[in-house]
Protein chains: 2
Amino acid sequence: MKIVFIGSGNLSSHLGILLRKQGHTVVQLVGKSEASTTALAKKLKCPYTLDVEAISSDADVYLLAVPDHEIAGVIKRFPHKIKCIAHTSGSIPLSVFPKGFSNAGVFYPLQTFSKNHQLTHRQLPVCIEARSKPMSARLVRLANSITETVVEIDSKHRLWLHLSAVLVNNFSNHLFALSENLLDQRGLDFKLLRPLIAETAAKVMSASPLTAQTGPARRGDAVTIEKHLKLLQSSPKIQKIYRLLSESIEEMQGPSL
Amino acid sequence: MKIVFIGSGNLSSHLGILLRKQGHTVVQLVGKSEASTTALAKKLKCPYTLDVEAISSDADVYLLAVPDHEIAGVIKRFPHKIKCIAHTSGSIPLSVFPKGFSNAGVFYPLQTFSKNHQLTHRQLPVCIEARSKPMSARLVRLANSITETVVEIDSKHRLWLHLSAVLVNNFSNHLFALSENLLDQRGLDFKLLRPLIAETAAKVMSASPLTAQTGPARRGDAVTIEKHLKLLQSSPKIQKIYRLLSESIEEMQGPSL
C-alpha cells in the first residue's frame, strides 16, 4: 500500500520501518519540525512536507501519529476528507474525526516505542476501529502484514487497554526507577535486579499474574512488611506506595494479616 | 561439595537441581512434610530425614531454605554448630545465628522461584555474607559454580535489595494482575498486554528505567490522566494506586501539570 505518515516521532519511525520491510511504500512524510522530519524522511526514503495542507492525495492510507492534543488540529487542516485516514492513539475516540470523514479509523499498536530499540515483534497487537467496512478491511490488511495479532475493538474498550498499558508499562517502569534510586543511595547496583525483572515478565508470558503472585503481602508475612515499611521511613512517598500495593495484593488474594 | 538442604520447597528444588548439574552432591534433604520431602529427595537423588536433629554431620555446606519465621527454630535444633551453615533469606540478618555458630553465613539468590519454571540464568545474582573468612570463601565458590554474579554484602544492604525485589517483582506482578482483572471484566484478553510487558522488561536490560520512562505522567498529560481516573471511578483502590504512582512519576521526572 501507499502510505503517508503524519508525525515524525518514534511511532512513525518504528511503523514506517516495519511497513517498508513488508513491501509497503511510504509516499510522503508530514512533519512539524524540520530537523526530525528530514531525518526520518531520509530513513524512510520518502519525500516530505512541513505543511499539512500540501499533503499528497495519492495514498491508500494516511497514518496520523502525532501527540494526542494535536490530533484534532491536524484533522481540521487535513484536505482529503474521504480518504482513509487513521489516528494511532489509545485514548482518543474515533469520534475525533468530524462526520465528513467517512473512511476514518484508528490503528493503535499496543506497545512502547523508544528511539534506540527497533521492534521486530510478530506478536505486536494492533487494535483497529473504522467508520466504514472498506476502511476496516484495509486497516486489518495493513496490520496483518506486520503482525499476527490484530483485534477490532471500539473506542471505549481501546481506552481500557490504554489504561492497562499505563499500569503494566509506565507504572512497572516507575517501580524499577524507584528501586534504582533506593539502591543507588546505598551504593548498590541496579543491574542486580535485572535477572529478577526479566523473570517477572517471563513468568506471565504463559501463566496468569494471579497465580504468579509471590511476596510478603501474598503470604501475609506482616513481619517482613513491617521491616520494609520501617526501612522506608525516610521515603514517605515510596512508603505510601508500598503500603497501598501491599493492601491491594492482600485484598485480591492474600491471607488476612 | 557435599550439600545438605534443609527445607523442601521451591528454593531447595531449584538450587538443588542447579548445584547437582555443576557436579555437587546433595547428601541429604531435611524436610517437614513427608510428601514434599520424599518427592524432592527423589528428584535430587538423595536420602532424606524429617528430623533436624538426625541431620548428617558429613557435609561441606548446610543450606537452610525454610520460610523466614521458621529459621530461628531450625537453628535452635541444628546439632552441628561449628559447621558451615547458611540461610537463604533476603530479610533475615546474619545475627539470627547465635554466637556459637562460628561459620554461619547467608546465601541469598535474588530471584523469584516457581514450581513450573526451572531457572537456567547464568546471571542469577547470589548475595553472600559470612561470619568467617573460610565460610565466606566456601559460599563464594559454591555460588560461582552456578552463576557469574556473586556479591558479598552485609545484612543491612541485603534488606534493601530484598525490598527492591518486592517493588520490581511482587508489585509489578500485582499491576499485571490488576490489569488482567480490569480487562477480564470488559471481555478483553490479558494476552494482548504480553508483548508490552516483555518489552517493558527488555528495555531496562540495558537502559536505566529513569530514561526508559514514558506515559501520560511523564509527559504531564493531564487530559489523559483525567480520562483514566474517571474510568476508574468504580475501582477506588486502583484509582488511588493510579493517582499515587502518577504523582510519584511527576515528582521524580515529569514536567509539572
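Guide: A term is needed before the rest: a crossing of two helices is called left-handed if the near helix is turned anticlockwise from the far one by less than a right angle, and right-handed if it is turned clockwise. Keep in mind too that this is a predicted model.

The part to look at is helix H10 of chain A, residues 236-252. Two packed helices are described by the angle between their axes and the distance between the axes.

Start with the partner in the other chain. H10(A) packs with helix H5 of chain B, residues 155-185, at an angle of about 50°, and the axes are 10 Å apart. On the side of H10(A), the contact is made by A:Ile238, A:Tyr242, A:Leu245, A:Ser246, A:Ser248, A:Ile249 and A:Met252. H5(B) contributes residues including B:Leu163, B:Val166, B:Phe171, B:His174 and B:Asn181. Sorted by kind, the residues of this contact are 12 nonpolar, 5 polar and no charged.

Now the partner within chain A. Helix H9, residues 222-231, and H10(A) have axes that come within 9 Å and cross at roughly 160°. Angles over 145 degrees count as roughly antiparallel, and that makes H9(A) roughly antiparallel to H10(A). Here the crossing is right-handed. H9(A) brings A:Thr224, A:Ile225, A:His228 and A:Leu229 to the contact, while H10(A) brings A:Gln239, A:Tyr242, A:Arg243 and A:Glu250. These residues divide into 3 nonpolar, 3 polar and 2 charged. A:Tyr242 is named in the contact with H9(A) and also in the contact with H5(B).

The structure holds 8 aromatic pairs over all chains. One of them joins A:Phe171 and B:Tyr242, edge-to-face, with 5.2 Å centre to centre and 65° between the planes. This pair crosses between chains, from H5 of chain A to H10 of chain B.

Last, the relation of the two chains. A rotation of 180° with 0.0 Å of shift along its axis superposes chain A on chain B, with an RMSD of 0.0 Å. That is the relation of a two-fold axis. Within chain A, A:Ser172 comes closest to the rotation axis, at 2.6 Å for its C-alpha. Of the interface residues of chain A, 100% are also interface residues in chain B, so the copies meet through the same surface.

Notes. Residues numbered from 1 in each chain as written. Chains lettered and ligands numbered in written order. Predicted model: local features only at pLDDT ≥ 70, side-chain atom pairs only at ≥ 80, totals over all residues. Heavy atoms only, no water. Axes fitted to C-alpha atoms, helices over the stretch in contact; angles between N-to-C directions. Helix = DSSP H or I, 4+ residues; strand = E, 2+ residues; numbered from the N terminus. Parallel < 35°, antiparallel > 145°, perpendicular 65-115°, else oblique. Contact = heavy atoms within 4.5 Å. Nonpolar A, V, L, I, M, F, W, Y, C, P; charged D, E, K, R; others polar. Least-squares fit on C-alpha atoms with pLDDT ≥ 70 in both. Phe/Tyr/Trp six-rings, centres within 6.5 Å; stacked < 30°, edge-to-face > 60°.
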